Structures are given as C-alpha cells and as structure tokens.
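Please look at the sequence and the predicted model shown below. The paragraphs after it go through a few places in turn.

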Amino acid sequence: MSPREGERLGIEPGTIEIDRHAPRAPAYDDVYFSVDDGLAESRHVFIEGNDLPARWAHWRQPRPFVIGETGFGTGRNVMLAWRLFRDLAPATARLHIVSIERHPLTAGDLRALWRGHPALAADAARIADQWPALVRGTHRLHLDDRVTLDLVFDDVEAALSGLDGLADAWFLDGFAPARNPAMWRAAVFRGLAAASRPGATFASYSCARVVREHAAAAGFAWQKMPGAGHKREMLRGQRTARMPAAPARQRRPWFEPPPASAPGPVAVIGAGIAGTTVADALARRGLHCDLYDPAGVAGGASGHARAALHVRPAANGDARTRFQLAALDYLGRWLADLDGARTLWSDVGLLQLARDPEARARQQRCLDRLDLPGSLVRWVGRETAQRLAGTALAAGVHGGLYYPNAGWVRPDRLCRRLVECSGAALHRVAVTGLEPVPAGWRLTSADGKRAQYAQVVLACAGAASALCRDLPPLPSVRGQVSVFGLPPESASPNCVLCGRGYALPPVDGRLHVGASFRRDAVDAAPRAAEDDANRAMLAEIAPDLAARLGPPLAARVAFRCTGHDRLPYVGPVPDAAAWRRDYAELALDARRIAAVPGAHRRGLWASLAHGAHGMVSAPLSAEVLASRLCDEPMPRAATEVDALHPGRWLIRELIRGR
C-alpha cells in the first residue's frame with residue numbers, strides 16, 4: 001500500500017556502526033553481513049540459492065527478470081546481482097530489482113562503506129549518486145541501460161501490499177527473526193506469494209522454524225541447503241500455490257491491469273513532453289516508436305523556450321501530492337542521466353513564496369504534517385528567502401517553501417533531445433482516424449495513408465478526444481508566457497520564484513515570466529494585456545525586480561490540458577461502454593462492486609492532462625505507462641498508479657449517477 005492521506009511521508013534513516021570490520025545496525029543489534037566474506041556468502045545464499053546463473057544464461061523473454069528483496073541494507077546483494085547479471089546474461093536481457101528497506105542508510109554512508117572495496121566501489125557510487133530523498137514509497141533508479149532498481153522505503157508488509165508487479169526470485173535478507181520478527185511474519189510471506197510469478201523462488205540465510213512454517217503456509221515448498229561461512233544451513237523454496245488477488249484490487253476491480261501482450265510496433269500520437277518521454281522510456285526497453293504530430297516536435301505547450309519545475313503539495317498527503325513529490329525527485333535523477341552537463345536544465349532551486357499569513361500557515365502546516373526531508377523541501381523565512389532569491393521581496397512575503405533541487409528546463413530542446421536519443425521516427429502529419437483491428441490499431445493520417453500498430457499511445461492533449469470516445473473530458477487552459485528584457489547589470493532572481501505565477505533566473509538579459517491562466521479563451525495570439533498581467537504577478541512577490549523589467553521582447557501562448565482532479569490520465573484506456581454496463585450498480589450503492597475486472601481497449605494507452613506541471617509529471621508518467629505495457633513492476637504503489645488511471649473519472653461519474 002502507499003502512504004494514506006494524512007500519514008507522514010518522511011522516513012527515519014538507518015544508522016550503521018563498524019564493529020570489528022563488520023557493519024552493524026545498532027537498532028537491531030545485528031550485523032548487515034559477515035565479516036569473513038560477505039560477498040561470498042551473498043553469492044552462495046542468494047545468487048546460487050535462486051539458481052540465478054543458469055536462469056540468467058537462458059533468459060530470452062522480452063520482459064525483465066525480476067528480483068524482489070526484503071532488506072536493501074548496505075546494497076551488497078543488489079550490487080552483486082547487478083555485477084553478475086552483466087557478466088552472465090545475454091546482451092538483450094534486462095534485470096529489474098525491487099528492494100524494500102524500512103530504515104535506509106544515507107548516500108554518504110553507502111559511499112563510505114564501499115569506498116575501500118574495489119569490486120563494488122564504482123557500483124556503490126552510482127547508487128549513491130542517484131540516492132532518493134528519504135520519503136516513504138517507491139523510488140526508481142536506472143543503474144544502467146539494462147538494470148533498474150526500485151527502492152521501496154516502507155515497512156515490509158505495507159511495501160508488499162502495495163507492490164504492483166511480480167517477482168521471479170526473492171532475496172529474504174532481513175535481520176535475524178529473533179532480532180527483527182516483523183520481517184518474518186506470516187503476512188509477509190503471504191505478500192511474497194501474492195507478488196510472485198508461478199514457479200518463483202526464494203532464498204534466505206535463515207532456517208528458523210517460523211520462516212519454514214510461514215513459507216509453507218503461503219504456498220512455498222522449501223528445502224534446507226548447506227550454508228555459507230559459519231552458518232551450517234540456509235533455506236530456499238519455490239512457489240507452488242497461487243495466491244488470491246491483492247485486496248486493494250478486489251475493492252477496485254476496474255483498475256485490474258489488462259493481460260500482458262507482446263509489445264510489437266508502437267505509435268505515439270503527440271510529440272510534446274508527454275509523447276517524447278514515452279518514446280524515450282520505450283526505447284530504453286528496446287521498443288521503437290513512430291511519433292505523429294502535425295506541429296512537429298514540441299509544437300504545443302512543450303514548445304516554450306524555458307519552464308519552471310514546480311509542484312504544489314497539499315498538507316493531507318493525497319495521491320496528487322505523493323505523485324508530484326515522487327515525480328520531482330525522479331526528475332532530478334532522470335535529467336542528470338540524460339544531460340549531465342546541464343545544457344537543458346538547471347537545478348538552481350525554487351521558492352514557492354507565502355504572500356500572506358494564511359499562505360504561510362498552510363505551507364508550514366504542510367511541512368509539519370508530511371514531515372518531508374529538507375533535501376526535498378524546507379521552510380525558509382523572509383530573510384533567507386531574499387538571500388536565496390537575490391532580490392528584494394514584497395513586504396507581504398513571509399518566506400516560503402524552498403525546493404533546493406528544483407529549477408527550470410528548456411522544454412523545446414528537451415523534447416528534441418528525447419526524439420534523438422530514442423531514435424523515434426517523426427511523422428509531421430495529423431492522425432485523423434483510429435480503429436481497432438485484430439492485431440492492434442489502424443491509424444489513418446491526414447495525408448490519406450494508413451499504418452497498423454500493436455500499441456498506440458495517445459499523448460496529444462485535448463486532440464485525443466476526437467480520436468477516442470472512451471476518454472474523460474479534456475478541457476484546456478490558455479496560458480501566455482512573457483519574455484522581458486533586463487538591464488545588463490541585473491542577474492536576479494538567482495532561483496525560480498513562484499507566487500501566483502513564476503519568474504525564472506535571467507539568461508542573456510531575458511527574463512521569462514508566466515503564465516496567465518484563461519479558461520475562456522481559444523485564440524493563440526499573444527495579448528499585451530496578459531504581458532501586463534504577468535508583470536503584475538511578478539510585482540506581487542518581487543516589486544523591485546518587476547520595476548526593472550523592460551518592455552516585452554516576446555510572448556508565447558499555449559494550451560494546457562487538465563484533469564478533473566489535477567492528476568494526469570496515465571495508463572490503459574478503458575472500454576467505457578463495458579464499464580458502464582459492468583459497474584452500473586455503483587449509481588445505486590457505491591458499495592455494490594461487481595467482481596469483474598475492468599475491460600480495456602487492448603493496446604490503447606494514454607498519457608494526457610499533465611496541466612501546468614507536465615515538465616515534472618511526464619517522465620515518471622512515462623515510466624508508469626512503459627512499465628505496464630512491458631509487464632514490469634510499477635514505479636509507484638498500486639493505489640497511486642490507480643489514481644492516475646484514465647478510467648477513474650468514469651467511476652466517479654457512475655457513482656454520482658451520471
């Protein structure tokens with residue numbers, strides 16, 4: 001399960017001590033691994049115990065081999081599996097590791113621990129460089145082109161109940177049952193079984209009676225094997241019985257994912273940030289995409305020269321808040337991998353300013369309730385905010401939320417880079433028709449040509465409604481970004497400033513300010529009145545800076561597509577007629593839930609309605625979509641993935657009797 005609304009999101013880090021050269025966890029009075037030869041023990045118990053060398057050598061499936069682990073600890077097992085997979089698996093094979101940890105170490109601890117180990121130092125540094133903020137939930141790291149690591153910071157039972165994916169093998173590496181019984185409860189083994197593919201295996205150094213009994217009760221056949229080092233025995237097992245569906249999906253059967261199928265050729269309709277991130281995510285999985293967009297790459301809302309990377313968390317910790325914070329954290333890792341030289345983006349920091357006492361109270365209440373780490377966001381007072389901004393702030397500004405790793409991006413150039421890196425073929429033509437065929441979907445374009453694809457992704461904002469009637473309403477909002485000149489001596493603001501709108505640090509004497517918000521306008525011509533409105537928005541938070549602005553040098557209008565609950569629509573497209581039929585009784589009683597899995601338009605997907613936060617939400621959304629399409633574990637917990645589902649609007653309408 002994912003964190004519930006109102007639950008604190010920050011998570012307590014673990015502590016480590018070195019006791020006679022062995023790393024020890026004082027909270028559990030136990031060692032992380034043996035002082036004798038921890039790597040040899042790991043290989044014997046977890047690698048050989050799951051027969052991974054033989055299984056990897058013959059792995060030919062298009063999906064990745066999936067390892068689940070209870071207890072990331074020092075990362076020793078993950079790094080060993082990563083290294084051996086590189087050596088043993090075919091060049092086209094992929095590995096996906098899901099590792100659960102309740103008390104994660106810090107990045108500094110990981111670097112220090114492995115710095116003197118030549119075999120693993122480089123891999124440890126790679127993981128430490130990507131180490132996520134210590135926030136409850138799943139965090140995706142791309143270790144290399146073929147290996148993905150999902151770190152799940154949470155209690156093991158909660159992590160397993162929320163895991164949306166199935167493992168081929170398990171490393172059960174919690175502290176000893178006598179030291180940490182919570183890791184070995186019966187509910188944990190039921191969760192392991194529910195998250196296992198048929199024939200999945202497990203291995204553990206512990207042969208304790210409680211482990212054997214709970215494994216057998218959960219449907220695993222086990223056997224004792226010779227142990228490693230000073231341990232006489234170890235345990236390994238294999239799943240022999242099928243476990244029932246996860247309770248969450250039993251309560252929401254409409255979100256049951258469609259059966260996995262061979263991906264085949266893929267068409268992505270829309271070449272903005274939503275479409276190009278999908279093309280990039282699928283390319284990393286070996287899938288080629290054709291991109292369709294009559295305006296070319298970044299012709300719509302993604303065509304701005306610069307844009308802010310900002311989020312707006314709510315104090316209740318709702319699904320939107322959790323997703324936005326996770327997306328922002330993932331974005332930094334993703335951009336650093338894509339553009340380490342930072343030619344397309346800048347993590348100069350962002351200030352969400354509190355313009356009155358009420359706003360200050362809301363922001364502080366949000367931080368107090370969510371307990372977020374300062375590395376992700378922290379409160380700063382007025383004096384500190386002015387120092388960070390590098391300019392005087394309005395008298396009514398009381399400080400604000402500071403996101404040290406946020407900043408700005410060049411959307412137009414970013415989209416073009418993604419097309420280049422993914423190798424996607426661009427078709428500068430509108431898609432005018434979309435019809436199902438036995439092998440997938442047939443696209444008709446404005447030039448009269450037809451093409452057939454196994455999978456189609458709708459990433460074309462409001463234009464998707466004309467191609468598919470199963471989608472929710474996709475209203476758009478007009479926004480104008482204004483570019484003002486600044487005197488040569490003006491270098492502020494030093495970070496992104498946000499109030500009702502935003503202002504970016506100047507580049508080449510040009511300051512981007514935006515964006516207006518007009519629901520009632522459909523024309524794309526820039527308006528002088530909106531330039532004035534953008535200047536006025538800046539004056540509300542930084543009047544001195546606004547007074548230094550010269551006349552507008554340029555302006556650009558775009559239309560942002562938004563969802564009914566300010567979350568994007570990401571995932572498989574529902575068969576709306578079937579949902580209305582199968583779940584009709586929800587209109588009479590929301591508790592009347594038919595035990596019928598949701599019907600979907602096979603091979604049809606959506607990444608839509610990213611709104612004003614698309615630069616932040618699109619990369620993680622692309623991972624959600626690509627993971628589902630390619631039959632992989634999801635990058636967030638099931639409840640959060642379900643909160644993005646394009647069919648959620650339809651369920652709301654059915655419950656309301658519409």
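Begin with L350. Its relative accessibility is 1%, and because buried means under 20%, L350 counts as buried. This residue belongs to strand 16, which covers residues 350–353. What is L350 in contact with, once its neighbours within four places in sequence are left aside? The contacts are L309, H310, L401, Y402, Y403, A406, G407, C495, V496 and C498. Y502 is 152 residues away from L350 along the chain, yet 9.6 Å separates the C-alpha atoms of the two.

Three strands form an open sheet in the order 14-19-15, and their pairing is antiparallel. Strand 14 (307–309) and strand 15 (345–346) are at the edges; each has a single partner strand, so one side of each has no neighbour in the sheet. Between strand 15 and strand 19 (residues 407–409), the antiparallel pairing runs over 2 bridges. Here S346 is found opposite W408 of strand 19.

The last place is a pair of helices. Two packed helices are described by the angle between their axes and by the distance between those axes. For helix 3 (residues 76–88) and helix 5 (residues 121–129), the axes come within 10 Å and cross at roughly 115°. The crossing of helix 3 and helix 5 is right-handed. Which residues meet there? Helix 3 brings V78, M79, W82, R83 and R86, and helix 5 brings D123, A124, R126 and I127. Sorted by kind, the residues of this contact are 5 nonpolar and 4 charged, with no polar ones.

Note on methods. Residues are numbered from 1 along each chain as its sequence is written. This is a predicted model: local features need pLDDT of at least 70, side-chain atom pairs count only at pLDDT 80 or more; totals for chains, interfaces and linings use all residues. Side-chain values use heavy atoms; hydrogens and water are left out. Axes are lines fitted to C-alpha atoms, for helices over the stretch in contact, and angles run from 0 to 180 degrees between N-to-C directions. Helices (H or I, at least four residues) and strands (E, at least two) are DSSP runs, numbered from the N terminus. A crossing is left-handed if the near helix is turned anticlockwise from the far one by less than a right angle, and right-handed if clockwise. Contact means heavy atoms within 4.5 Å. Ala, Val, Leu, Ile, Met, Phe, Trp, Tyr, Cys and Pro count as nonpolar, Asp, Glu, Lys and Arg as charged, and the others, Gly among them, as polar. Two strands pair if DSSP finds at least two bridges between them. Buried means under 20% relative accessible area, exposed over 50%, partly exposed in between (1.4 Å probe, protein chains only).
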